[in-house]
Amino acid sequence: MRISGKGLVSGNRTVNFAFNGRHYMGLEGDTLASALLANGVHLLGRSFKYHRPRGILTAGSEEPNALVTIGKGAALEPNIRATQQELFEGLAAQSQNCWPSVERDLMAVNDLAAPFFGAGFYYKTFMWPRGFWEALYEPLIRRAAGLGALSGAANKDPYEKAYAFCDLLVIGSGPAGLMAALTAARAGADVILAEEDSRMGGRLLAEVEEVDGKPAHLWVAEVLAELESLDNVRLMPRTAVTGAYDHGTYSALERVSHHLPPSQSLKTAHRPRECFWRIHAGASVLASGAIERPIAFRNNDRPGIMMAGAVRSYLNRWGVSPGERVTVFGNNDDAHRTARDLLAAGVHVAAVIDSRHDAPDGEGFPVLRGAVVCDSTGRQRLESITIRSVNGEEKIQTDCLAMSGGWNPSLHLTCHLGARPLWRRDLAAFVPRADAVPGMVVAGAANGSFSTHGALTEGAAAAVTALAGLGTSATAAPPPMASDAPYRISPLWAVPGKGRAWLDFQNDVTVKDVTQAAQENFRSVEHMKRYTTLGMATDQGKSSNVAALAVLADATGRSIPETGTTTFRPPFVPTSIAAMGAGAEDQGFAPQRYLTSHQVSQDHGAQDIEVGLWYRASYFARPGETNWRQSCDREVMMVRSAVGVCDVSTLGKIDIQGKDAARLLDLVYSNTFSTLKVGRVRYGLMLREDGFVMDDGTCARLDETHYVMTTTTAAAAQVMAHLEYLTQVVRPEWDVRFASVTDHWAQFSVAGPRARDLINDLVEEDVNAESFPFMGCGAVTVKGVAGRLFRISFSGEHAYEIAVPARYGAALYRLLLERAEALGGGPYGMEALNVLRIEKGFITHAEINGTTTAFDLGMQALVSPKKSCWGKVLSEREGLMEEDRMRLVGLKPIGAVKEISAGAHLFEPDTTVERETDIGYVTSVCFSPTLGHMIGLAMVSAGPERIGETIRLVDHTRGIDALCEVVEPVFYDPEGGRARG
Amino acid sequence: MRICCPLCGARDRREYSYRGAALPLPDLAADVEVWHAHVHLRQNPAGPLEELWQHEMGCGAWLKVTRNTATHEILAVTLAEEACA
Amino acid sequence: MGFSERFSGWRILKEGLTGNKGWTAHWRDPEPKRDYDVVIVGGGGHGLATAYYLAKEHGLRNIAVLEKGYLGGGNVGRNTTIVRANYYLPGNSEFYSHSLKLWEGLEQDLNYNAMMSQRGMLNLFHNDGQRDAAVRRANSILNQGDDAEILSRVQLRKLVPFLNYDNARFPIMGALLQRRAGTARHDAVAWGFARGADQYGVDLIQNCEVTGIDVEGGKVVGVQTARGPIRARKVALAAAGRSSQVAAMAGLTLPIESHVLQAFVSEGIKPVIDHVITFAEGHLYISQSDKGGLVFGSYLDFYSSYAARGNLPMQEHTMEAIAAMVPAVTRARLLRSWGGIMDMTPDGSPIIDHTPVEGLYLNAGWCYGGFKATPASGDCFAHLIATDRPHPAAARFRLDRFRSGQGLMDEEGTGAQHNLH
């Protein structure tokens with residue numbers, strides 16, 4: 001019911017919205033909750049387990065009940081708190097977890113079976129008959145559980161992430177937060193003031209009181225005006241600080257456009273839906289206020305039973321009375337404010353029920369001292385409550401009960417680094433430890449200072465303390481005049497009696513569940529939580545935890561501090577995966593690296609394939625070729641018979657210079673590089689410190705003190721970090737410097753019998769057997785550009801790699817292809833490259849898979865016995881030198897089945913096929929057009945001893961069961977004459 | 001988490017990579033027991049630990065960082081090449 | 001076993017009709033005795049399972065489990081609840097196969113519904129190399145006698161249509177499916193073993209931190225605890241997350257580094273993900289609990305830590321992986337994040353073995369695979385403790401393999417840096 005002239009939204013523009021298909025009007029500045037209450041709508045949803053009717057409990061992000069679904073199609077968004085959602089024109093919301101409607105929910109039948117659904121019931125049943133759990137019980141439970149539903153479509157809304165830096169982060173904009181921000185801002189500090197509400201001011205917007213001799217909200221407006229005028233202050237409304245992390249890092253979620261109609265925000269204004277902030281703050285002031293807690297009594301969960309402070313929020317901020325005949329139930333003075341405010345606004349207050357015998361007098365309303373509410377009626381909305389006092393029980397008609405069991409400081413962020421809060425008896429509440437989060441000072445209600453005066457004073461002082469920690473001196477802003485009413489409370493957690501009294505409204509956990517857990521010896525607070533699911537709902541126990549602790553303490557005969565607390569963990573408010581994962585959608589997940597030759601390759605029919613972060617040409621489809629194999633076979637034969645060109649720039653290239661360059665290479669490679677002659681290239685193997693092979697590649701000596709190392713594409717970054725480790729940590733005294741030049745050089749393989757012809761056609765120098773012998777290298781001039789030429793081969797053919805600065809890459813590649821085509825050749829891709837290397841038995845990371853040693857790969861000769869190297873000692877552990885280790889061999893089919901498949905396992909021909917008889921696996925396979933059949937590389941137990949033997953290959957997943965001959969891993973030109981010649 | 005690189009200043013943890021405990025290096029030719037202990041065995045304290053980080057996405061410097069593994073508090077940062085030289 | 005306390009549908013009915021007043025303690029809270037045949041250090045999943053199988057399979061009764069906090073308060077209570085047997089290296093292969101079989105009979109055995117749900121697990125692959133590795137793995141699993149299938153992209157799309165098939169940075173090529181893999185209600189596993197062990201007479205002693213291990217003449221004789229000294233013929237360490245500290249009390253230095261691994265749960269939503277799905281390129285694994293929360297995790301935070309909490313970079317990485325591959329669920333909201341402390345070994349595989357101290361046994365180094373191992377870890381550790389011989393399914397989990405190089409089980413091939421697995 002809207003009260004004319006009341007509230008801060010009074011006189012605002014009207015806004016049309018719909019709920020469960022019915023149309024309503026609210027005011028600009030309303031939340032969905034305040035607008036629904038203004039329209040007399042109290043039933044919003046259903047609880048999780050018993051599907052009990054649920055109304056609005058709170059006026060903030062802690063709301064456990066009023067969760068709704070908003071939007072449609074792919075924009076459908078479940079579990080939105082009606083208490084936070086700002087109204088916008090055309091907003092359409094629906095109830096969730098009910099069918100067919102929130103009024104008539106068939107699952108409410110669960111409520112009748114409640115006696116059988118007590119704490120932990122599911123652990124004790126659903127086990128018979130075996131198999132029925134997955135077939136029957138679990139699907140039923142899954143369907144009944146959950147809250148709202150997702151649309152099933154991909155989320156296409158924009159989200160963002162951002163970083164922010166400040167001296168002081170102030171969390172919360174109530175009296176303490178505003179004073180902290182003001183104090184720091186006036187001292188010249190960079191300040192961020194984050195407030196999860198759409199409007200700054202905290203409780204000052206919700207209470208009838210004066211600050212500095214004027215209505216509190218006007219004082220708020222003045223302070224905000226000053227803060228806004230300062231360049232060193234950033235005001236962030238709709239921004240909930242969600243986590244405190246190490247070293248002054250905070251996370252925050254900004255609801256950038258939840259309050260705008262989709263047509264205004266996402267499409268036209270290009271605003272993200274949400275922004276996830278990483279804030280690095282020198283210091284912080286936590287001024288997050290407090291959260292009021294319910295009192296457990298029988299049937300305390302009906303729509304219309306609300307928090308007393310929330311009733312004041314709706315009345316004073318939004319001009320809405322949640323009832324026409326309101327009752328108040330509390331154990332503290334603060335609850336009486338609700339009655340006062342309602343009465344002043346002309347709302348009938350039937351009674352204030354105060355459990356304390358010394359409760360203050362009513363100011364125009366009856367106060368029942370020493371009385372409690374012990375029951376309620378009303379199926380979908382509160383109709384009456386029953387009051388118990390020394391005079392017995394009495395029923396009162398009421399449509400809204402405002403309850404207050406006291407306030408819990410909102411200390412969640414102080415627990416994120418593992419600190420446990422302290423119990424304060426006088427407040428009957430936990431308060432934060434002073435040193436909970438380094439650099440954080442807590443102020444105001446969050447610190448247990450509940451009066452406005454106390455919050456204002458403490459907020460200013462907190463900023464001074466926090467800034468002092470940064471070496472900045474500040475003067476506390478003088479606190480304005482404000483109320484300093486004492487907070488008097490006498491604990492009341494649960495009203496004794498029969499029936500179900502709710503602690504956790506969303507998860508349907510009652511006092512009985514907690515006492516039953518204790519009875520079953522789930523006495524640890526963590527056990528109780530996990531057994532009953534208390535505090536595990538979307539509000540993470542913000543309203544329920546402390547009362548449940550008190551009930552558990554009582555049931556186990558311990559004090560509350562002895563009982564302990566569960567841990568608050570990030571995020572403070574639920575945060576969409578989309579916001580935290582922003583930027584990674586689709587192609588944004590990882591960088592895309594393209595070669596200089598990419599476009600030219602595309603023009604030649606290249607099909608791309610991802611190789612790590614790179615895109616490389618897989619094969620080049622020629623007209624008439626209908627599958628990759630045709631292209632691949634052609635490209636292989638082209639290299640073997642004429643010449644092929646392939647971009648190999650993705651290989652890591654590291655330029656190494658210095659007096660001790662050779663020593664570094666002798667340390668990092670298992671074989672020797674100090675003896676390598678200038679102008680020559682050598683193949684090298686690198687070991688990890690545990691002795692397994694890290695990587696392989698070639699290294700060229702350009703000068704006495706100058707080498708260029710190549711790494712595999714996959715290990716480029718790892719090798720770079722490894723070299724940095726060796727030079728900075730292991731041998732910092734050596735005179736050697738290096739840099740990654742992978743992106744500086746475009747490098748192309750030119751392979752095949754006509755390779756030299758092609759190269760000579762392009763470079764100014766005479767390339768011949770003397771100037772560039774096999775494994776020779778040197779500088780060349782390519783059409784006037786200084787380049788490098790390496791005579792190395794990964795195909796087994798006479799081959800070169802030619803390198804030019806990357807800016808000439810595309811031009812050189814185009815030239816190379818032109819000339820190659822004139823010689824009967826052309827480009828080849830990764831598929832052909834793979835076939836060429838398997839035919840030659842060259843290894844890649846399919847074989848260097850992290851579990852193979854030089855010994856396993858048949859490269860023990862490359863571990864020089866004459867010198868030590870990184871990883872050598874552990875590579876020679878006895879277990880790594882055993883003959884029967886899995887070792888590299890080749891395979892060729894010899895039976896009726898001519899197939900070999902990668903990932904197949906190998907067995908002796910006459911054994912059963914099981915793990916115990918498994919003697920190896922296939923690492924790489926291809927169809928060799930050169931040989932006319934399939935070939936493979938494999939790791940086989942005692943492989944080299946089995947050369948010539950028959951072995952059985954089984955790939956269950958592809959249905960292959962074949963016989964192969966174990967052969968040497970080099971299938972083609974084993975003498976190497978083609979590459980050398 | 002933030003680490004103060006002596007060359008670059010305070011930077012977010014995501015610029016750094018972690019190697020583990022900073023241990024005295026055995027001689028390259030030391031026997032297998034020594035290398036086994038160096039590579040595999042760890043005191044693994046719950047408290048201050050000297051460890052190696054690299055400012056991999058920044059200047060590339062390897063750092064010796066003293067950090068409390070129970071609280072994540074960083075007690076000291078030096079360049080590894082100075083600490084190990 | 002006295003089964004007056006047996007759980008059943010009838011019992012639920014009876015208690016429901018009589019106000020649920022008849023439920024009794026799941027386990028006793030005994031005072032520690034002065035000596036035991038076996039003292040197990042650590043009342044997590046593995047410690048409790050060990051006690052249960054020691055009693056059930058080996059007839060021992062004079063056993064204590066000493067827990068410094070509350071039962072099941074370690075990693076068994078803070079994980080992503082995945083159960084699977086899809087390892088490919090000898091050692092791991094037979095062990096997790098054994099474990100999965102125990103899982104399948106666990107609830108009947110314990111008379112406790114741990115909600116083991118064989119929802120099937122899908123490991124996505126995105127390129128030829130990953131496919132070949134998946135095929136190798138699938139064949140290993142099949143050779144071991146467990147189930148595995150390679151699904152094509154088309155088959156996968158039929159099964160889980162909501163993944164990003166159309167515009168992923170790493171296009172989906174297919175998946176390895178293990179139908180018998182799934183999830184279980186993690187806390188209930190600990191409680192079921194605890195209740196089972198208690199019914200055999202095992203003393204489960206909470207709030208009893210072990211502060212010293214008494215060794216005389218190279219032989220263990222007992223432990224010092226926060227509640228006084230306790231003598232024991234055998235002491236078994238199952239204190240994941242604190243293994244190094246506990247072992248150090250007996251003078252041992254372990255090949256273990258402690259790291260934090262975060263896990264996450266979203267607000268409850270109606271069923272959307274039926275399987276456990278892993279996206280290796282993003283290190284992501286995700287499933288949906290019976291309560292409706294999406295449960296997911298990814299990588300270590302990558303620094304030594306004993307603080308059971310993590311930091312933002314890995315949280316964001318995890319959400320990014322979901323945004324990339326499962327864009328249909330990104331409106332779900334992260335509800336809670338937490339961190340567990342992992343014993344990371346140099347090869348990523350665990351240790352169940354004797355120690356150089358006679359009578360002192362070690363169960364450690366589960367990296368982030370401890371939950372699914374729970375029953376077999378208990379069974380195999382119990383076997384070792386009772387018989388002094390390794391259980392055949394865990395014979396390769398030796399402490400000396402790092403020194404010898406023999407039988408290393410580096411499934412990921414990343415090498416000996418503890419934090420790389």
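# Exercises on chains A and B

Reading from the N terminus, the elements of chain B go β-β-β-α-β-β-β-α. Helices (H or I, at least four residues) and strands (E, at least two) are DSSP runs, numbered from the N terminus. This is a predicted model, in which local features need pLDDT of at least 70 and side-chain atom pairs count only at pLDDT 80 or more, while totals for chains, interfaces and linings use all residues. Residues are numbered from 1 along each chain as its sequence is written, chains are lettered from A and ligands numbered from 1 in the order in which they are written, and side-chain values use heavy atoms, with hydrogens and water left out.

**Exercise 1.** Work out how many helices and strands chain B has.

*Solution.* Go along the pattern and tally the symbols. You get two helices and six strands.

**Exercise 2.** Describe the interface of chain A and chain B.

*Solution.* Start with contacts (heavy atoms within 4.5 Å). On the chain A side 25 residues take part, and they meet 29 residues of chain B.

Next, take the area. Buried area is the accessible area (1.4 Å probe) that two parts lose on being put together, summed over both. Here that comes to about 2400 Å², with 59% given by carbon and sulfur atoms. A:His247, A:Gln728 and A:Val873 supply 25% of what chain A buries against chain B, more than any other three residues.

Now look for a salt bridge (a side-chain nitrogen of Lys or Arg within 4 Å of a carboxyl oxygen of Asp or Glu). The rule finds one across this interface. Its partners are A:Glu689 and B:Arg19, at 3.1 Å, N to O.

Finally, see which elements of chain A join in. H18(A) gives the most, with seven residues.

**Exercise 3.** Is A:Asn507 buried or exposed?

*Solution.* First find the residue: A:Asn507 lies in the loop between strand E29 (502–504) and strand E30 (509–510) of chain A. Then apply the cut-offs: buried is under 20% relative accessible area, exposed over 50%, partly exposed in between (1.4 Å probe, protein chains only). A:Asn507 has 5%, so it's buried. Among the residues it touches are A:Phe48, A:Met536 and C:Lys291.

Notes: Lists of a residue's contacts leave out its neighbours within four places in sequence.
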